[in-house]
Amino acid sequence: MKKISIYTIALIVFLILYSTWIVSQMNTIQLSYDESRHAAGGMLWYDYIKTIAHDGYMPFKQFINQYQQMGYNAGWFVNIDPPVDGLIRAPFYALFGPTFFSVRLMALFSAIISGILTYIIAYKITKRRPVALASTIILLMSTLVFMYTAIQALDAMPTIMTGLFWYYFTFVREPKKKYLFRLGKAEFAFTWNLVWGGLALTAATLIKYPAALFIDLFFVLYAIYLFVARYRQVKQFNLSLFTESGVLQIAFTAVVQNLIFLAISWKWLQYNLFE
C-alpha cells in the first residue's frame, strides 16, 4: 500500500479548515449583481433540464420562447452568458434547491477543485510537494480568490478549465505515445494532450467567452518568444527558424484546439450570436 505524503494530509486538513471558514462567511456578503445574474442563468438551465426530464425533449430555442411568454426575460440571460456556467449550477439546484446556499456552495466546491488542481499541477511541474502545498494555500487565501471564487463563484470554474488547458499544454511534449507527421520540411507532433487541452479550452470559453481570447493571446506571445529566443541563438533569419524554434508546433496546437472548440460550440455560437 502506497504511503500518503504528509503534505497531502496537510492539504486535506487545510481544505477542511478552509471550507469551514468559507461556510462561516457565506452569509456576511450579499449576492452581487453579476453573481445574481449567473445564479439566474443557472436557474434557466435547471428548469430546462427539468422540463426535458418530465415532459420529454424540447429544443432549447422553443423552451426559451415559452419562458419569454411567461414573462421571464430569459433571452437576456441566454445571450449575455455562455451555457456551461449555468449547467454546472444546475446539479446544486437539483440537490439543494434554488437557494442562496446552493449558489454559495457551488462557489466553495469550485474553489476546492481549483486548489486540488493547483496542487497537482504544481507538483507535476516542480516535483516538490512543499511547493505544491504552498501554491494551493497562496491561491486560496488570496483576497481575489476569496471574493471572486470561494464566495461569489465568478471565476472559479474558468480558473479550473484554464488550469487544465495549461497542464496539458505544458506537458504536450511528454506523453509516451505521439503521432509525428510532416508537411514539407516541417514536422508536427499530435498527442491526445492536444485534445484534452482543446476540451479544457472549450469548457473555459463556454463559461466565460474571454477565455479563448486570453489563451489565443498566450499562443501568439509564446510563439514570438520562442522565435526571438531561437533567433538570438543562431543570429540569422531564415525559414528554418519557424520549425527549429517550435513556432509551427505552437501554431499547430492553437489550430487543433481552436478547431475542437468550434466543432463543439458552433451550434451554440450560431444560436447565441445570430438567432
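This is a predicted model: local features need pLDDT of at least 70, side-chain atom pairs count only at pLDDT 80 or more; totals for chains, interfaces and linings use all residues.
**Around Ser-245**

- You can find Ser-245 in the loop between helix 12 (240–244) and helix 13 (247–274).
- Is Ser-245 buried or exposed? Its relative accessible area is 11%, and because buried means under 20%, Ser-245 counts as buried.
- The side chain of Ser-245 also reaches the backbone nitrogen of Val-247, at 3.4 Å.

**Helix 10 and helix 11**

- Two packed helices are described by the angle between their axes and the distance between the axes.
- For helix 10 (residues 192–205) and helix 11 (residues 210–234), that angle is about 135° and the axes are 7 Å apart.
- The two helices, helix 10 and helix 11, are therefore oblique to each other.
- Which residues meet here? Leu-201, Ala-204 and Thr-205 come from helix 10, and they meet Ala-211, Ala-212 and Ile-215 in helix 11.
- The residues of this contact of helix 10 with helix 11 divide into 5 nonpolar, 1 polar and no charged.

**The whole protein**

- The secondary structure comes to 13 helices and 2 strands.
- Of the 275 residues in the protein, 45% are buried.
- Take the contacts between residues at least 6 apart in sequence: 71% of them join residues at least 24 apart.
- The accessible surface of the protein is about 15700 Å², and 68% of that surface belongs to carbon and sulfur atoms.

Key
Residues are numbered from 1 along each chain as its sequence is written. Side-chain values use heavy atoms; hydrogens and water are left out. Axes are lines fitted to C-alpha atoms, for helices over the stretch in contact, and angles run from 0 to 180 degrees between N-to-C directions. Helices (H or I, at least four residues) and strands (E, at least two) are DSSP runs, numbered from the N terminus. Angles under 35 degrees count as roughly parallel, over 145 as roughly antiparallel, 65 to 115 as roughly perpendicular and the rest as oblique. Contact means heavy atoms within 4.5 Å. Ala, Val, Leu, Ile, Met, Phe, Trp, Tyr, Cys and Pro count as nonpolar, Asp, Glu, Lys and Arg as charged, and the others, Gly among them, as polar. Buried means under 20% relative accessible area, exposed over 50%, partly exposed in between (1.4 Å probe, protein chains only). Accessible areas come from the Shrake-Rupley method with a 1.4 Å probe; for residues, only the protein chains shown count as cover. A polar contact is a pair of N or O atoms within 3.5 Å; within protein, one must be able to donate a hydrogen and the other to accept it, and residues adjacent in sequence count only if both atoms are side-chain atoms.
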